[in-house]
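Have the structure open and follow along.

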Amino acid sequence: MSKLNPYKKLVFQNIEDALSDLNAEDKGRYFICNCPECNQHEAFMYKNNTRFIQCNRENHCGSRMMLEFHEKGDMSTYEQKIEKQHPNLTTEQRQALDWSHRVFSYAKNYFKNEMLDNGYRGLSKQTTRGFVADLQHEAIVQHVFRKAEPLLNKDYSNNSWMCKRNLIFPLYGEDNTLDRVLLRSSIDENLDPKEIQLIFNPSKETRDFFMDIPPDTENVVVSESILDALSFREVDENVGIIALTGATKTRQIKDYMTEHREQFADKQLLFAMDDDKAGWKATRDIVNTIEEDNIGKNWTVFEYTSGTKDANENLQQNRKAFTKAYEQMATRTKQHERGMAVEHEP
């Protein structure tokens with residue numbers, strides 16, 4: 001970099017985009033980021049001056065850069081893009097949806113969180129990152145509810161039972177827009193029900209399943225909840241996951257698998273619903289579709305360790321047995337006999 005021009009200018013839409021692109025890591029008073037010049041994860045940005053970033057490799061790089069964000073005058077183009085993307089929402093709703101999307105993304109990636117860092121329900125930080133945001137405090141959850149009121153058509157901000165639900169699992173549609181949110185609590189784990197779902201995009205039929213399938217994976221787990229699906233990701237970082245948001249919600253995933261059968265042509269499908277009547281009914285429902293439409297390479301049903309009825313419970317109570325059972329099933333190549341495993345009900 002020329003000594004006459006010591007500061008390179010970097011332009012971003014907003015601070016959230018900058019932190020995402022720079023792979024920022026929260027270190028308390030500052031972020032450690034990827035240096036845009038040498039690409040090493042050794043640049044720093046202080047939280048009280050997010051318009052300046054400097055590489056810490058002084059004798060090898062030491063580049064200093066200024067960050068610029070779109071001025072208000074440039075926002076009209078961005079707002080037009082959001083309006084085109086969500087024509088059936090009001091201006092107020094579009095702004096609330098965009099704000100919520102950015103806040104959840106920021107919280108997932110940049111909130112320093114001791115509980116998630118130390119492992120949540122047997123899941124490591126590496127597994128939960130990208131899927132769960134911990135807003136940590138009731139006051140922050142309350143603020144989110146106030147901002148999202150135009151989308152929810154209800155004010156939850158004065159409902160302490162709702163504001164204790166600090167764990168946010170954002171669910172995105174195919175266009176990567178925020179569709180709905182699952183909420184749980186680590187502030188009070190005795191809240192009943194444990195999980196609440198809220199639709200954040202009232203302009204369409206929102207997606208009701210999570211999906212993350214690496215293109216080179218051989219195995220895809222279909223599970224009843226995101227925590228169960230992530231339990232398999234905990235023991236195999238490359239496994240594909242599909243997670244329902246309830247045992248009765250099978251229609252959308254069946255439609256998706258039929259419409260995108262080529263995506264599953266070389267995949268082995270592993271069904272891991274809860275070991276109860278509702279779980280077996282959901283398994284049978286989806287298996288009927290993949291058999292009729294010839295979806296996937298083959299399929300099997302996961303067998304839990306005795307005394308456990310779902311994947312996350314199995315992982316927490318006996319990780320070694322859970323890992324061994326998954327590894328054995330993941331390597332099976334023999335085609336399951338039609339209907340063999342779904343005749344059983346507890």
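Two strands pair if DSSP finds at least two bridges between them. Strands themselves (E, at least two residues) and helices (H or I, at least four) are DSSP runs, numbered from the N terminus. Before we start: this is a predicted model, where local features need pLDDT of at least 70, side-chain atom pairs count only at pLDDT 80 or more, and totals for chains, interfaces and linings use all residues. Residues are numbered from 1 along each chain as its sequence is written, and side-chain values use heavy atoms, with hydrogens and water left out.

**Strand pairs**

| Strands | Direction | Bridges |
|---|---|---|
| Strand 2 (residues 25–26) and strand 3 (residues 30–33) | antiparallel | two |
| Strand 3 and strand 4 (residues 43–46) | antiparallel | four |
| Strand 9 (residues 178–184) and strand 10 | antiparallel | four |
| Strand 12 (residues 219–223) and strand 14 (residues 268–272) | parallel | five |

Start with strand 3. Its Phe31 has Asp26 standing opposite, while Ile32 faces Phe44 in strand 4. Strand 2 and strand 3 make a hairpin with three residues between the strands, and Gly28 there takes a positive phi near 100°.

Next comes an open sheet whose four antiparallel strands follow the order 7-8-9-10. Strand 7 (133–134) and strand 10 (196–199) are at the edges with a single partner strand each, so one side of each has no neighbour in the sheet. Within the sheet, Arg180 has Ile199 in strand 10 as its bridge partner.

What lies across strand 7, strand 8 and strand 9? That's helix 3 (residues 91–110), running at about 120° to strand 8 (167–172). Angles here run from 0 to 180 degrees between N-to-C directions, and axes are lines fitted to C-alpha atoms, for helices over the stretch in contact.

Helix 3 has 20 residues and spans 28 Å from its first C-alpha to its last, close to the expected 28 Å; the expected span is 1.5 Å times one less than the number of residues. Its buried residues (under 20% relative accessible area, with a 1.4 Å probe and protein chains only) include Leu97, Trp99 and Phe104.

Helix 3 also packs against helix 6 (residues 138–152), at an angle of about 140° and with the axes 7 Å apart. On the helix 3 side, the residues in contact (heavy atoms within 4.5 Å) include Ala96, Trp99 and Phe104, and the helix 6 side includes Val144, Ala148 and Leu151. Sorted by class, this contact has eight nonpolar, three polar and two charged residues. Nonpolar covers Ala, Val, Leu, Ile, Met, Phe, Trp, Tyr, Cys and Pro; charged covers Asp, Glu, Lys and Arg; the others, Gly among them, are polar.

Finally, look for an open sheet of five strands in the order 11-13-12-14-15, with mixed pairing. Strand 11 (209–212) and strand 15 (298–301) are its edges, and each has a single partner strand, so one side of each is left without a neighbour in the sheet. From one strand to the next, the twist averages 15°. Val222 stands opposite Phe271 in strand 14.

Leaving out residues up to four places away in sequence, Gly240 touches several others, among them Asp212, Val221 and Arg233. The C-alpha atoms of Gly240 and Val222 sit 8.6 Å apart, although 18 residues separate the two along the chain.

Definitions and conventions. Buried means under 20% relative accessible area, exposed over 50%, partly exposed in between (1.4 Å probe, protein chains only).
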